[in-house]
Amino acid sequence: MWRQFLLVCVVGAIQAQWDSAGAATQRENIEPRAASVASNAGRPADAAWLASPFAASRENTPSRRVALVIGNGEYGNASEPIRANAPRDAAAISEALRARGFEVIARTNATPQQMRDAIGEFQRRLQTGAIGLFYFAGHGMQIGRQTLLLPAGLDTRTDMRAPVSLLERGVDLNAVLHAMQSARTDRLNLVILDTCLDDPFASGVVALDKAEISANTVIAYATAPGGFAADGPLHGVYTGALLRALHDADASSEPLDVLFRHVAAQVRAATRGAQQPWLSTSAASTPASETAIASSDASDDPAITLRSRGIMPKESGEQYEITFWESIKDSNYPADYEAYLKAYPNGRFATLAHARIDRLRAAASSPAVSTTPAAPPAAPAAQSGHAAQPAQPAPPAPAAHPATQASAATPPPHPAAAAPSPTPPATAAAPLAQKAVAHPPSAGEIRDCAACPIMVPVPAGTFAMGSNTDDPSEKPVHHVTIGSPFAIGKFPVTVEQWNACVAANACMKLTPESNANKAAPARDLSWDDAQQYVRWLSKVTGQSYRLPTEAEWEYADRAGTTTAYWWGEQMRKGNANCKDCGDPWHKEGPENVGMFAANPLGLYDMNGGVWEWTADCWHNTYQGAPLDGHAWDSPGCEMRVIRGGSWREGGDYMLSATRFKYSAGVRQSQDGLRVVKDLR
């Protein structure tokens, strides 16, 4: 199945770029050579700015010393060593630094916002001219010429398939360097990165990040760009060697370049040469130099079982670029194409990306075409608990369904997706015929206003949630009790229903290209947009509308069944609007709601059509999940659970247990919603 990606780092060819003026960032390969510190012409070994900040006694140093230490190990599908080791690395480094007089700001398993808040605090403390040290253990990557440090919570199965999300959520190393350099002169900036720096979107050579760093900055990399950073039994191999050096009074008092050479020698010996640390400086007075470091002193240590801190999937660099483009090629947002160009300024789709940006900006600056808004909602025709409603009228005659409906970054593109065509989508094509379908009412159906969704009551009950497939996010299978009945939308919220909220000035306008057909599910919606809709619906009806919890969604989808799909163990045509799942299907967008079979509860399009937002915050597994069906939320949650798959995925995304996530504030062309209301 599509779910598993191989955790490897690509040991790539490294192309060093040196500035002949000596002022640009220089990266120094610490291979053993026949040289010595004394032979480094033009670089005194005891240069004041390279004096070690780790010496135990600093009575004669008036400057404060401030450190920001971050260890992130909670990544979806991450190996157990990094889950445990990265936070443990951060704790051990923090303790060692405090013992040496540092003020330490420590964070473990930090979200993007928590990382940025910590960097802000770090910057404020450094304003007094303190020596600054930044340490990071966890996943890192190089995208184009940008070094990204990845927050906790990213999932290697999904986020690697949504490159724009990585660019949005990753913390740029330049942001850290800017914080350290602002309003400070002649003070040491030391950055230590125990992470792989692989480029998942590069083919061949890894481009080196040329951060604009001040003269007194040292960056110590656990491995060469594109190389391998390993985890040992208790710590990252690099961090373990650094901790040993810090606990050695003689070693910790040595100049930084000498200290890190000793650390590098231990790492090379422990990994049998598989990991090659690098050192980068930017002072014009310190040209690159290398020293002879004996690497045999640790050769008798037991061999380490190497596990990488990288998160690379296994496709080629060429395929990464295709994956990136495939995920944004129909987007309506210029920022998506700008993100592609940042990673691939000379990529195969660069010309097309520039053209799309120009076209979208031109369209945004053109006068909006006036449209007739949907009628405002009428007074409530029925309240919850009333008798069954009259038969639902057939959906309105379908509007022309454009063959060029736009879509944004796809969170889980199918691994078998074909390489995209570099030809822009046509601007005009024959409409797709979509028939109207009448749906008989289910028992007890509820509709609180003419423009409101039709709701189907769901009784209380207990079910087994999750699955024992190879996706760890669906484990463990656990029994959930839904203690109270609720009602859920018979269909996803349609364009026509959403437009009633727009007409009331309570919801944002839908993207016209993606929502031309009023009988189709509303899409290109963020979780935040969905919250606006349910608040408006609650206000106009006086009822308690909301998004379903993840447990409620799966309970309603399964409808009492225990098979992989609600209709059985195998994919069958006619049950879901998905790719290669049977007609009707059009690549441009989802079909009208209700075109496929209903599940045993009378709910349509629970699988396929559009991904549906739920109330829950994303968690990588079900460990600790609520057993009462309530939403599993977390303070400051940025990633929310989406369920059900969309028309663009294949049949193996239609299983009742399949779950994915997406950023709550990002609109995406495959995301829509279905509402729930509490029954009293």
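**Close-ups of a predicted model**

**View 1. Helix α7, mostly under cover.** Of the 15 residues in α7, 14 are buried (buried means under 20% relative accessible area with a 1.4 Å probe, protein chains only). This is a predicted model, where local features need pLDDT of at least 70, side-chain atom pairs count only at pLDDT 80 or more, and totals for chains, interfaces and linings use all residues. Residues are numbered from 1 along each chain as its sequence is written, and side-chain values use heavy atoms, leaving out hydrogens and water. After α7 comes arginine 272, with a positive phi near 55°.

**View 2. Where α11 meets α12.** The axes of helix α11 (residues 495-503) and helix α12 (residues 527-541) come within 10 Å and cross at roughly 75°, which makes α11 roughly perpendicular to α12 (roughly perpendicular covers 65 to 115 degrees; axes are lines fitted to C-alpha atoms over the stretch in contact, with angles from 0 to 180 degrees between N-to-C directions).

**View 3. The residues at that crossing.** Gln497, Trp498, Ala500 and Cys501 from α11 touch Asp529, Ala530, Tyr533 and Trp536 from α12 (contact means heavy atoms within 4.5 Å). They split into 6 nonpolar, 1 polar and 1 charged (Ala, Val, Leu, Ile, Met, Phe, Trp, Tyr, Cys and Pro are nonpolar; Asp, Glu, Lys and Arg are charged; the others, Gly among them, are polar).

Technical notes
Helix = DSSP H or I, 4+ residues; strand = E, 2+ residues; numbered from the N terminus. Parallel < 35°, antiparallel > 145°, perpendicular 65-115°, else oblique. Buried < 20%, exposed > 50% of the residue type's maximum accessible area, 1.4 Å probe, protein only.
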